[in-house]
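Subject: Structure handover

Hello,

Here is the structure for your files. Notes on what was found in it follow below.

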Amino acid sequence: MRQLSGHEAGFLYADTTHANANVTFVQIYDQSTAPGGTVRFKSILAHVAGRLQRSPVFRQRLLRVPLELDYPYWVEDQHFDLEYHVRHIALPKPGDWRQFCIQASRIHARALDLNRPLWELYVIEGLDSFVDLPPGSFAVLTKIHHAAVDVAGRHEIVEALHDLVAEPPRAEPPEPWFPERAPGALQLLARGALHTALSPLSLAAPLLRLAPVAWTFAADVVAPEQHHATRFNSVVSPHRVFDTRRFTVAEFECIRALVPRATVTDAVLAVCAGGLRRYLQAQGELPEADLEAIAPVAGAVPEPGVEPPWQLVSLGTSIDDPVARLRHIQRQAASARAGLRAQAARGLTELAEHAPAATMKLASRWLGLRANELRRPAACCTVTAVGSPRQPLYLCGARMTYFSAILPIADGMGLVFAVTEYDGRIVVSPTSCRELVPDPEAFTQAVRDSFQEYLALAAAAPAPLRPAARGASAAGRPGPRPRAARKAASGRPAAPGGRRRSTAPPG
């Protein structure tokens, strides 16, 4: 039995009937690498059954404390049913990318059963009209509540189910499992009363550490700065939309070289900002003032169970020149104000670990109501770097060819960009709701057009500015190949980010 941290419990308390904190990992596989060239659903089911002992997340459910006197606990589910959690579906013909995105969005939007372990896994076949996918490819959607997963760090379920080699290891015999008995209500109440009594003493040290940046905290959370509201700073519906565009790390290395000391993270933010500007401009809704995004602090290493420090980054959406916009974002990321916000965010997270559970629940609801005060949005959107596998992975011998994520949105923050990096590719995946973005394909097309604009500028830049002439990148990666930039200069789209066909998977 393990108790949730204040940070993890906050995601539970913030759930509403129309906005839950589900996180869905989207994975696509080439089964031609599997033994025999085929992976059957029953093989995946047996594979999952043999890996259950690798992570406690598989068989643990929530146990709430009466009267919310303390944070909930993870306890073993005595009625665990694997076939409830692992499901098998297929897209109807023609099985194109748009159908897949709609199906993935519907699955993501449905709330998880809080009386069972907070995860579901969907095996999806019928991907018949995807461009550049080998025949017989299939997808796996792994949906899990944010309270049970660290988005920026390791993903226990993803790691537990995959191997590093195509040849599957010998199947592990299932270990005997005897679920522990959950504590009774009286025991939970006694623990909760003790924790509540001790919480004032535990709060003293975090409050002292937060004092130097208390003014920043008050300005950003209690009374946020005046920002221009967009369509994304509205109440969200229960319906989600998701789409994605896929690029290469080498292409982003070419883009970041346009501005000295810019990082790949800065380049990704600039491409998202350009896409946001193009989309709002096409709708006649682009404000004159710069829009801001909530983004993790560059270079911050997240601790397990602790949200990485965030910062507000001005996206320079009022700047017409793309290079000037990238330079503006690069300067923002290193500003002293961003450092204060990051320090305040770390202090707030530490404070939440020691706050009483009932107080945290009320605070989450109060912050949700504050988000509905649309005259004062905290930011236009969120850009989140999702922890991704660092090397190719295999499921039952099938090679994973694509990895992205669908992230939760909430009232007042109806747009989030999930950014993943896997196997030399960077995937940008916006999530919103159907009423705020009725045309997700047009939105991701705007992101792609922004990327192509930057890539063409990188190709036309003087040779000394190109990464190949500078050697290793600032991020420590080897210098990229300039071939992608030359393709953009010649008018040919750089695959896969430059394709315009709606049936393309992430491209």
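In strand 4, Glu76 is the bridge partner of Gln60. Strand 4 (residues 73-76) and strand 3 run antiparallel and are joined by four bridges. Helices (H or I, at least four residues) and strands (E, at least two) are DSSP runs, numbered from the N terminus, and two strands pair if DSSP finds at least two bridges between them.

This is a predicted model, in which local features need pLDDT of at least 70 and side-chain atom pairs count only at pLDDT 80 or more, while totals for chains, interfaces and linings use all residues. Residues are numbered from 1 along each chain as its sequence is written, and side-chain values use heavy atoms, with hydrogens and water left out.

Three strands form an open, antiparallel sheet in the order 1-4-3. Strand 1 (2-3) and strand 3 (60-63) are at the edges with a single partner strand each, so one side of each has no neighbour in the sheet. Elsewhere, strand 9 is joined to strand 16 (residues 425-433) by four bridges, and the two run antiparallel. Thr248 has Arg425 in strand 16 as its bridge partner. From strand 9 (residues 245-248), Arg245 and Phe247 point one way and Arg246 and Thr248 the other, and all are buried. Buried means under 20% relative accessible area, exposed over 50%, and partly exposed in between (1.4 Å probe, protein chains only).

Backbone
The peptide bond from Lys93 to Pro94 is cis, with omega near 10°; Pro94 is in the loop between strand 5 (86-90) and helix 4 (97-109). Arg261, which is not a glycine, has a positive phi near 70°. Arg261 counts as exposed because its relative accessibility is 65%. Cys396 also has a positive phi, about 55°, without being a glycine, but Cys396 is buried at 13% relative accessible area.

Salt bridges
The structure holds 14 salt bridges, each a side-chain nitrogen of Lys or Arg within 4 Å of a carboxyl oxygen of Asp or Glu. Among them, Arg2 pairs with Glu8, with the closest N and O atoms 3.5 Å apart. Arg2 is partly exposed at 41%, whereas Glu8 is buried at 13%. Arg399 and Asp423 meet in a salt bridge (3.0 Å, N to O). Arg399 is in strand 14 and Asp423 in the loop between strand 15 (416-422) and strand 16, so this pair ties together parts 24 residues apart in sequence. Arg87, Glu120 and Lys143 are linked in a network of salt bridges.

Regards
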